[in-house]
Amino acid sequence: MVSSSRAKSFVELRHLQTFLLVAEELSFSRAAERLGVSQPPLSRQIKRLEAQLNVQLFDRSHAQVRLTAAGRVFAKSARRIIEQMERGIHEAQLAAEGLTGELIVGIDGKASACDDMIRFMSAYQLRFPQVRLQLKELTAQEQLRALQAEEISLGFVEPWGVDVASAPDVNSQSVVQDSLSVVLPAFHSLATLSELSLLDVAGEDAVMGERWQRYVSAIAQKEHLSFTPHIVQLASEHRLILSFIASGRGLSILPSATEHKMPYPGITYRRLQPAMKVNVLSAIWRCDETRPTMTALVQALTQKAIGQDNHYTHLDRN
């Protein structure tokens with residue numbers, strides 16, 4: 001008999017599988033039939049396993065084969081080994097496909113399209129439950145710093161809130177777009193019109209943030225339109241802007257979905273004509289990111305950010 005621990009470590013997986021099959025059937029002939037082999041080679045394989053382990057696994061002294069006490073203990077261990085191996089293979093396959101691992105995702109809670117991304121990431125985790133997902137609330141600037149410090153895997157930011165162009169090691173992709181509307185007090189003289197142009201609001205008192213104003217102006221310029229608002233009140237948060245508008249401080253240009261996401265009494269919305277689409281949320285990630293998990297997430301974002309129905313690009317669960 002071979003009794004060294006080194007020899008025991010060489011037990012092959014197929015021998016464990018064969019042993020478990022015999023233990024399940026308690027018959028060498030039936031086990032051989034299931035394996036598609038003759039009984040003598042199967043019996044010799046089990047005897048070699050017993051010799052390798054230096055224990056008797058089966059009691060062959062009765063009409064029916066029985067497991068010995070050692071055989072019953074070994075069967076439990078063998079099943080655990082097989083299950084662990086199968087689980088390891090499955091997890092390795094998932095990892096190779098980018099469907100396991102950990103992702104730390106930054107989200108700006110003040111972003112108007114924040115809810116859309118939270119729903120998308122929740123749907124993504126339902127689809128890929130092996131991915132450990134952690135959402136971390138950070139401002140746009142904090143996300144950029146955390147991304148460069150490798151503290152987060154990916155971030156969702158409003159494009160006017162961070163200068164991605166100044167970070168050549170970071171990729172950026174538009175994931176949510178929206179059309180623009182003029183937002184004004186319900187008692188404003190322009191509220192009688194069903195649609196408004198940038199020319200209509202030229203010279204009107206406006207409430208806007210500087211970065212947002214520059215962003216919209218750049219979009220307008222690409223459309224060969226002029227947009228130079230008379231800003232009388234600076235405000236960056238949409239809810240604060242709406243409060244100023246309701247009080248009659250001025251009007252503003254905001255994403256159209258703000259009407260549904262932040263309803264506010266005393267305010268009316270008029271679609272901007274010609275229509276202008278702007279990117280209201282971008283995904284950012286490091287250029288050197290090569291993990292399959294991240295590749296899968298970026299591919300999912302790309303696929304989901306293609307269609308444009310109603311206000312927002314839809315990020316469905318399919």
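**Close-up views of the predicted model**

**View A. The salt bridge between E12 and R14.** With a relative accessible area of 36%, E12 is partly exposed. In this predicted model, the side chain of E12 forms a salt bridge with that of R14, at an N to O distance of 2.7 Å. R14 is likewise partly exposed, because its relative accessible area is 44% and the range for this class lies between 20% and 50%. The pair belongs to a structure that holds eleven salt bridges.

**View B. The salt bridge between E24 and R34.** The side chains of E24 and R34 meet here, with N and O 3.2 Å apart. The two residues are ten positions apart and the pair links distant parts of the chain, E24 lying in helix α2 and R34 in helix α3, which covers residues 28-35. E24 has a relative accessibility of 55% and therefore counts as exposed, the class that begins over 50%. R34, at 48%, counts as partly exposed. The view also takes in a network of salt bridges that links E24, E25, R30 and R34.

**View C. The salt bridge between R286 and D288.** The closest N and O atoms of R286 and D288 are 3.6 Å apart in this salt bridge. R286 counts as buried because its relative accessibility is 11%, and the limit for buried residues is under 20%.

**View D. A nonpolar patch on the surface.** L13, I81, M85 and I89 make up this patch, and together they have about 310 Å² of accessible area. Helix α5, residues 69-96, supplies the largest share of the patch, namely three residues. I81 is one of the patch residues and lies in helix α5. Its relative accessible area is 38%, so I81 is partly exposed.

**View E. Helix α5 and its buried residues.** The helix has 28 residues and reaches 41 Å from its first C-alpha to its last, which is close to the 40 Å expected at 1.5 Å a residue. G71, F74, A75, A78, I82 and L94 are buried in α5. The buried residues of this helix pack against three elements: α2 (13-25), α4 (39-53) and β2 (66-67).

**View F. The surroundings of A140.** A140 is found in helix α7, which runs over residues 140-148. Its relative accessibility is 6%, and A140 therefore counts as buried. When residues up to four places away in sequence are not counted, A140 touches D108, V157, G161 and V162. I231 stands 91 residues from A140 along the chain, and 24 Å separates the C-alpha atoms of the two residues.

**View G. The whole chain, for orientation.** The protein has twelve helices and twelve strands. Its radius of gyration is 33 Å, well over the 20 Å given by the globule rule for 318 residues, so the protein is more spread out than a compact globule. The C-alpha trace spans about 105 × 35 × 30 Å along the principal axes. Of the 318 residues, 47% are buried. Among contacts with a separation of 6 or more, 73% are between residues 24 or more positions apart. The accessible surface of the protein is about 17000 Å², and carbon and sulfur atoms account for 50% of this area.

Technical notes. Residues are numbered from 1 along each chain as its sequence is written. This is a predicted model: local features need pLDDT of at least 70, side-chain atom pairs count only at pLDDT 80 or more; totals for chains, interfaces and linings use all residues. Side-chain values use heavy atoms; hydrogens and water are left out. Patches are made of residues with over 30% relative accessible area and no salt bridge: like charges are joined within 9 Å, nonpolar side chains (Val, Leu, Ile, Met, Phe, Trp, Tyr) within 5 Å. Accessible areas come from the Shrake-Rupley method with a 1.4 Å probe; for residues, only the protein chains shown count as cover. A salt bridge is a side-chain nitrogen of Lys or Arg within 4 Å of a carboxyl oxygen of Asp or Glu. Helices (H or I, at least four residues) and strands (E, at least two) are DSSP runs, numbered from the N terminus. Buried means under 20% relative accessible area, exposed over 50%, partly exposed in between (1.4 Å probe, protein chains only). The expected span of a helix is 1.5 Å times one less than its number of residues. Contact means heavy atoms within 4.5 Å. The radius of gyration is taken over C-alpha atoms; the globule rule is 2.2 Å times the number of residues to the power 0.38.
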